[in-house]
Amino acid sequence: MGKWFKIGVALGGGGARGLAHLGVLCALEREKVSFDLLAGTSMGALVGGVYALTLRCDFAVERFRRYLESKEFQKTNPDFLREPDQETKPTLKGIFHRFSAFIKKGVFYSQSLTRKAPISEEDFIQNISFLLDPVEMEKTQIPLAVVALDLKTGEEVVLQEGALQKAVSASCAIPGILPPVILGDWVLVDGGWIDRVPVGPLRRMGADFAIAVDVAEGFNESLDFETGLDIVLRTNDITQHSLSQVQLREADIIIRPDLSGIRWSDFHRLEDCLKAGEDAATEKAGEIRSLIRRRKMKKALSFRSCFPSS
């Protein structure tokens, strides 16, 4: 028989900033705020997938630490994103750092006209395999859902069964950087483009109480919009932000780690992200426990009202 009251956690996308999810999970574990369901988008799906294997924060953190120091991570740094004067220098931060540095120079967009993605499917799979065991989603220690976007229909796809590596790969497939994942009739890419923090899927899984973790970057109002590309990128950010704010209304509480100064490409700042996540969740722990007690009482009273004593 299933639990009468289920708590869920939704982990949002945000690139390297999503490493803060590890800190949040560690704090919830330490504060004994247990949960029954987990949903993730993009980096949130990757962190959620690793955590769901064992439900041990220390295991998840160590696996990410080893991955970020691995050859697999460093291999995701294609030659076309290397600056001419850095041909002989070691690559330090992987594809995401190079991409963020070059996108406004037009290199990425010119390459996108002739190639589906600069990262090969083989390298992509090797990276995912370093972090995730080859298990079925039904075998994880906690029910897990990950979100992807189907390029054919434009619809949100919520994956809860099948190969864990495949599902998380689909949720993390950043358009134009990582190749889409073919799954049946779907052509799947990064779920953050349609559901940045998957509270809705968490509710549909049966969550009575939803904790959302939002690690997305805020707006920088000091930017200069000097080129058409600047304007296109900005308007896309506004669209995603507005959609996300509507979707987050379904959450009972939102944890927003203070990631000031940390960009989505800063994978070298794992420790800073961990601390930000831990601090934010620890600060909210008392409020979360209080809200859960109230929601439980409210649901219990609603049950009693359905079955009045004679």
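Colleague: Is Cys 172 buried or exposed?

Modeller: Please note first that this is a predicted model. Cys 172 has a relative accessible area of 10%. Buried means under 20%, so Cys 172 counts as buried.

Colleague: And what about Cys 273, buried or exposed?

Modeller: Cys 273 is buried, because its relative accessibility is 0%.

Colleague: How many disulfides does a search of the whole structure find?

Modeller: The search returns one disulfide. Cys 26 and Cys 57 form the pair, with their sulfur atoms 1.5 Å apart.

Colleague: Let us step back to the overall fold. How many helices and strands are there in the chain?

Modeller: There are eleven helices and eight strands. The chain has 310 residues, of which buried residues make up 50%.

Colleague: What share of the contacts with a separation of 6 or more comes from residues 24 or more positions apart?

Modeller: Such residues account for 75% of those contacts in the chain.

Colleague: Now the charged side chains. How many salt bridges are there?

Modeller: The count comes to 16 salt bridges. One of them joins the side chains of Arg 289 and Glu 31, at 3.4 Å from N to O. Arg 289 lies in helix α11 (residues 270-306) and Glu 31 in the loop between α1 and β2 (37-41), so this pair ties together parts that are 258 residues apart in sequence.

Colleague: What is the relative accessibility of Arg 289, and what is that of Glu 31?

Modeller: Arg 289 is at 32% and counts as partly exposed. Glu 31, at 23%, also counts as partly exposed.

Colleague: Why can such side chains pair at all?

Modeller: Side chains of opposite charge can pair when their charged atoms come close.

Colleague: Back to helix α3, then. Where do Glu 62 and Arg 65 lie?

Modeller: Both lie in helix α3, three residues apart, which is about one turn of the helix. The side chains of Glu 62 and Arg 65 meet in a salt bridge, at 3.5 Å from N to O. Glu 62 is partly exposed, with a relative accessible area of 36%, and Arg 65 is partly exposed at 25%.

Colleague: Which residue forms a salt bridge with Arg 63?

Modeller: The partner of Arg 63 is Asp 133, and their closest N and O atoms are 3.0 Å apart. Arg 63 lies in helix α3, whereas Asp 133 lies in the loop between α7 (121-131) and β3 (144-150), so the pair ties together parts 70 residues apart in sequence.

Colleague: Is Arg 63 buried or exposed?

Modeller: Arg 63 is buried, because its relative accessible area is 11% and the buried class lies under 20%. Asp 133 counts as partly exposed, at 29% relative accessibility.

Colleague: One last point: which residues do salt bridges that share partners join into one network?

Modeller: That network consists of Glu 62, Arg 65 and Glu 271.

How values were computed. Residues numbered from 1 in each chain as written. Predicted model: local features only at pLDDT ≥ 70, side-chain atom pairs only at ≥ 80, totals over all residues. Heavy atoms only, no water. Disulfide = S-S within 2.5 Å. Buried < 20%, exposed > 50% of the residue type's maximum accessible area, 1.4 Å probe, protein only. Helix = DSSP H or I, 4+ residues; strand = E, 2+ residues; numbered from the N terminus. Contact = heavy atoms within 4.5 Å. Salt bridge = Lys/Arg side-chain N within 4 Å of Asp/Glu carboxyl O.
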